[in-house]
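Please look at the model before reading on.

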Amino acid sequence: MDKEDGISKFGLTALIVSSSIGTGIFGITSDMANAAAPGPALLSWLFCGIGIYALVLSLNNLSKKRPELDSGIFSYAKAAFGPLGGFLSGWGYWLSAWLGNIAFATMLMSAIGYFIPIFKGGQNLPSILCAIIFVWGLSLLVNNGVESASFVNTIVTICKLVPLVVFMIIVAVSFKAGVFTADFWGNVANNVLHGGKVISVFGQMKQSIMIIMWVFIGIEGASVLANRAKKRSDAQAATIMGLATLIIVYVFASILPYGVLTQAQLATIKQPAMANILKHVVGEWGAIFINIGVIISTLGAWLSWTMLPAETTTLMAKDHELPSYWGKLNSKKAPTISLVITGILQTLFLFTLLATNYAYNFAYTLATAAILLSYLLVGVYQVKYSYKNGEWGQLFIGVIAAGFQLLAMVLAGWQQVMMTTIAYLPGFYFYWVACKEYGHKISVKEKIVMGIILILAIVTIGLIINGTIKIG
């Protein structure tokens, strides 16, 4: 049934774009250049674009066919594999949400460090202590019922999009084809960046996948937003246009700088990369302009992402995958216990950034790895549901969505995925408590799955100790 008061197709497209673009775009150029030359980077965008497109189409299809599954994307995992499936997906989604906040913290402090030198770099002790203040300040705001009001969203959207548009226009005008094509496949840059080690096109693409996936975290919200369309026929069109717009914006923001600076220069530029690139092109005002945008944008995004993990655990408690106290609301309808637990974990994790030279990269790759399982299980349920109902076109889309996420986990992010298994161990305790509370007897299959994850976690700890998996 169509909605007379719904959002128009173009209005919905704009809403999807503005809600999906986060702070990752301000730093993607440097990370991308460190991973790949322009040619492999473009191929990576094509590969990831197809996989993300299949995921969004799967989410659209499932939200339309199974509207009763309203507890976030992890409800599809529960429908496919039972309570433990829902827990594994939800716990991974929760991990991703608060680990993403760690990446926000390093980006924010790097931007503030441009104006206040004591925070320069964003990962020294003063930066970490200041970030901890932000963690608890934002948690207190959310606990007191402060929601992301429309005027706050409007300001944050402007601070994200205006600097981004200005950046792309200036870099496009300054673009030099000779610089862009000089080392298109990265043969020269490989020698400079990797000590003479030759990295194939495929190898460069592998290194790019986790970087690209980071900026697409949150795209699952597109399927929810699409349901607000004025006409049902507009929903899928808006999702397609929104995703296409996002890909174009991301590609331009990450690829155009290859025509201004060499890959080696871009790879070593400090975060926020966009600010320092613009400083190179137009001077000091460019860096000031972008850094102010980064600070306001990150604080707005951080507020929303402080609510997201709390909302996730509330839904999981509602679905009996976590003890009821995780979802207990105070007088302001905020889950205090969940906010406190998440705040403590973020505080502790921030101190680990003193042990790595690439704090922002370390945080966002872990956040991306944590959510890959949630996305994978969406694709798997799309396949299962479509097969059961004889929807062969949708089944093919599900195979692409699940296959892409599995490839990303195995080829690009296996080390980070392995590290997230350690974080599931305390989660199993809470799952066990929830099962006792709600009278669910843990099955033999569930015990086997948890045993496998336990073994992987032990192996991961060993690989970290012997240096196979590096966090520095």
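## Second largest cavity

Y93, S96, A97, I217, E220, W305, L308 and I371 line the second largest cavity of this predicted model. The volume of this cavity is about 30 Å³. Helix 5 provides the largest share of the lining, three residues. Helix 5 and helix 15 each supply at least two of the lining residues.

By class, the lining of the second largest cavity splits into six nonpolar, one polar and one charged.

## Largest cavity

The count is two cavities of 30 Å³ or more. The largest cavity holds about 40 Å³ of space. Its lining consists of N101, S139, T306, P309, A310, L339, T342 and Q346. At least two of the lining residues come from helix 15 (284-318), and at least two from helix 16 (336-352).

Polar residues number five in the lining of the largest cavity, beside three nonpolar and no charged ones.

## Second largest pocket

The second largest pocket contains about 1700 Å³ of space. Its lining has 49 residues. Nearest the centre lie D31, N34, Y358, N361 and F362.

Seven helices are listed as each giving at least two residues to this lining: helix 2 (28-35), helix 5 (83-113), helix 10 (201-216), helix 14 (273-282), helix 17, helix 18 (392-412) and helix 19 (414-438). Which helix gives the most to the lining of the second largest pocket? Helix 17 does, with six residues. By class, the pocket lining has 23 polar, 20 nonpolar and six charged residues.

## Helix 5 against helix 20

Helix 5 also packs against helix 20 (residues 444-465). The angle is about 30°, and the axes lie 10 Å apart. Angles under 35 degrees count as roughly parallel, so helix 5 and helix 20 are roughly parallel to each other. Their crossing is right-handed.

On the helix 5 side, the contact uses P83, L84 and L88. On the helix 20 side, the partners are E446, V449, M450 and I453. Six residues of this contact are nonpolar, one is charged and none is polar.

## Helix 3 against helix 17

Helix 17 (residues 359-388) packs against helix 3 (residues 38-65). Here the angle is about 55°, with the axes 10 Å apart.

Helix 3 brings L55, S58, L59, N61, L62 and K65 to the contact. These residues meet Y375, V378, Y381, Q382, Y385 and S386 in helix 17. By class, the contact of helix 3 with helix 17 has seven nonpolar, four polar and one charged residues.

Helix 5 lines the second largest cavity, supplies residues to the second largest pocket and meets helix 20. Helix 17 gives the most to the lining of the second largest pocket and also meets helix 3.

Technical notes. Residues numbered from 1 in each chain as written. Predicted model: local features only at pLDDT ≥ 70, side-chain atom pairs only at ≥ 80, totals over all residues. Heavy atoms only, no water. Axes fitted to C-alpha atoms, helices over the stretch in contact; angles between N-to-C directions. Helix = DSSP H or I, 4+ residues; strand = E, 2+ residues; numbered from the N terminus. Contact = heavy atoms within 4.5 Å. Nonpolar A, V, L, I, M, F, W, Y, C, P; charged D, E, K, R; others polar. 1 Å grid on protein atoms, 1.4 Å probe; cavity = no way out; pocket = protein on both sides within 12 Å on 5 of 7 lines; lining within 4 Å. Points joined across faces, edges and corners; volume = space filled by probe spheres on them. Parallel < 35°, antiparallel > 145°, perpendicular 65-115°, else oblique. Left-handed = near helix turned anticlockwise from the far one by under 90°.
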